Amino acid sequence: SLYSMNKKVERLEFHEITKKAFLQALKNRREINLKMVEAQLVRRIDDRWIGFELSQKLWQRFQNHRLSAGRVQTPVLGWIIERVSESRKKKMVLSATLSNGLEVSIENPVIKFSRENFKKYIKGLKAKITDLKIEEKSLNPLPPYTTDTLLRDASAKLGFSALKTMRLAQDLFESGLCTYHRTDSTTVSTVGINIAKEYIQNKYPSLFSPRRYLMEGAHECIRPTRALDVEQLKNLISLGILRFPKRLSDEHFQLYDMIFKRFIASQMREVKLLYQCFKVVIDGNQKITENPISIISEGFNLIMSIRIANPVKEGEYSLKFARVLYLPKARPFTEGEIIALMKERGIGRPSTYAKIVATILERRYAIERNNKIVNTILGFKVYKYLSLKFGKYASEETTRKLEEMMDQIEQGKVNYKEILKGLYQEIMKIKRM
């Protein structure tokens, strides 16, 4: 038993490395939740049992001891392959610029021309802007970052790999600058709200609008631990007022800036915008468009800018430029998009998102090309073999059910030993295959 040697084993829980958080944790120490320990035990045992057994099957089949498989890794590889296959199919797109400067793209248009008379056909085309309406709408800020949204944005905006983002976020956490970076909760604590309040009331008086973004679970969102934007932070470091055990690079500051702005924006007033909604018709092909054309009242846009479009008027316009393109039906996934999908489909966890994609790349099941993840022939062969022969044991559905079982163990609804017994029987079946 956990308490057989020492009756006073207790748990301290804190999500940021600051003096205040540590003292608070000392004050609110609690007993270790054995149900959570049991759920973690089952998760670790299952990861290894399934992983080791399926990996051995791969070694035998492909005569290569560098290969590996896993409950989450295998369905994720399947998504990559499916998306690459989709990207090989083409769709027709009519891309045009109207004489008023408006750019329009219409997918799969019906067009009446042959290759020979294309230029003549385009020259005679007119575009009509009709059904113009003006609406006022409120736009709320996005919630603060969780692991998956941080990894997705760092990939899209900064070009960072998931592993790199997690390494930088670990440094920011250990330096006491940000809260813990492995979380799927958007919850903002009272401490977090007060940090936002201090910063916003100083910089943007009257735009503070506190929101908790409450979610179940003990974790908090990813947020800064001080009311310091990146410029203030750099100044305090250069003056020697703030010192950290690890030197912070430009990349640390870029990530901190992204976390800080997203969090502060989440605690600011919504933005009221004027939108134009209209229809563009080119030779019977139509596209419905909705564009923000002006800001009525400011809010979080002072931290995270909103792109405003030029207003248009109803009427008929000639085409300044037009062409027909044959584009891929889909683009291969970026790392960030794969992680967003893992969160959406309920497989993987904040602590493993980055590692799963990294393992697929390490095993050479996929490679990164122009920030996109593309499977290799080896990846295709491994996935085909696993899905045909052991599909049930590494499917998306089975993996999701197992995640749900972990939650039930944590809540004390099922006995973890029963789950382990069931998993052991599964392993024995794989062994015999």
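**Notes on the predicted model**

1. (A salt bridge here is a side-chain nitrogen of Lys or Arg within 4 Å of a carboxyl oxygen of Asp or Glu.) Lys203 belongs to helix H7 and Asp229 to the loop between H7 and H8, so the pair ties together parts that are 26 residues apart in sequence. Lys203 is partly exposed at 43% relative accessibility, whereas Asp229 is buried at 10%. (Buried means under 20% relative accessible area, exposed over 50%, and partly exposed in between, with a 1.4 Å probe and protein chains only.)

2. A word on how to read this: the model is predicted, so local features need pLDDT of at least 70 and side-chain atom pairs count only at pLDDT 80 or more, while totals for chains, interfaces and linings use all residues. Residues are numbered from 1 along each chain as its sequence is written, and side-chain values use heavy atoms, with hydrogens and water left out.

3. The salt bridge count comes to 28. One of them pairs Glu16 with Arg223, with the closest N and O atoms 2.6 Å apart. This pair links distant parts of the chain, 207 residues apart: Glu16 sits in the segment before H1, and Arg223 in the loop between helix H7 (190-203) and helix H8 (230-238). Glu16 is buried, at 8% relative accessible area, and Arg223 is buried too, at 0%. (Helices, H or I of at least four residues, and strands, E of at least two, are DSSP runs numbered from the N terminus.)

4. For a local pair, look at Lys157 and Asp153, whose closest N and O atoms are 3.4 Å apart in their salt bridge. They are four residues apart in helix H5 (residues 147-158), which means about one helical turn separates them. Lys157 is exposed at 51% relative accessible area, but Asp153 is buried at 12%.

5. Next, strand E1 (residues 90-98). Seven of its nine residues are buried, so E1 is largely enclosed by the rest of the structure. E1 runs antiparallel to strand E6 (residues 315-328), joined by nine bridges, and Thr97 stands opposite Phe321 there. Five bridges also join E1 to strand E2 (residues 103-107), again antiparallel, with Leu94 partnered by Ile106. (Two strands pair if DSSP finds at least two bridges between them.) E1 and E2 make a hairpin with four residues between them, and Gly101 in the turn has a positive phi of about 95 degrees.

6. On the surface, Phe14, Ile17, Phe22, Leu23 and Leu26 form a nonpolar patch with about 400 Å² of accessible area together. (Patch residues have over 30% relative accessible area and no salt bridge; like charges are joined within 9 Å, and nonpolar side chains, namely Val, Leu, Ile, Met, Phe, Trp and Tyr, within 5 Å.) Leu23 lies in helix H1 (residues 19-27) and is partly exposed, at 45% relative accessibility.

Notes. Accessible areas come from the Shrake-Rupley method with a 1.4 Å probe; for residues, only the protein chains shown count as cover.
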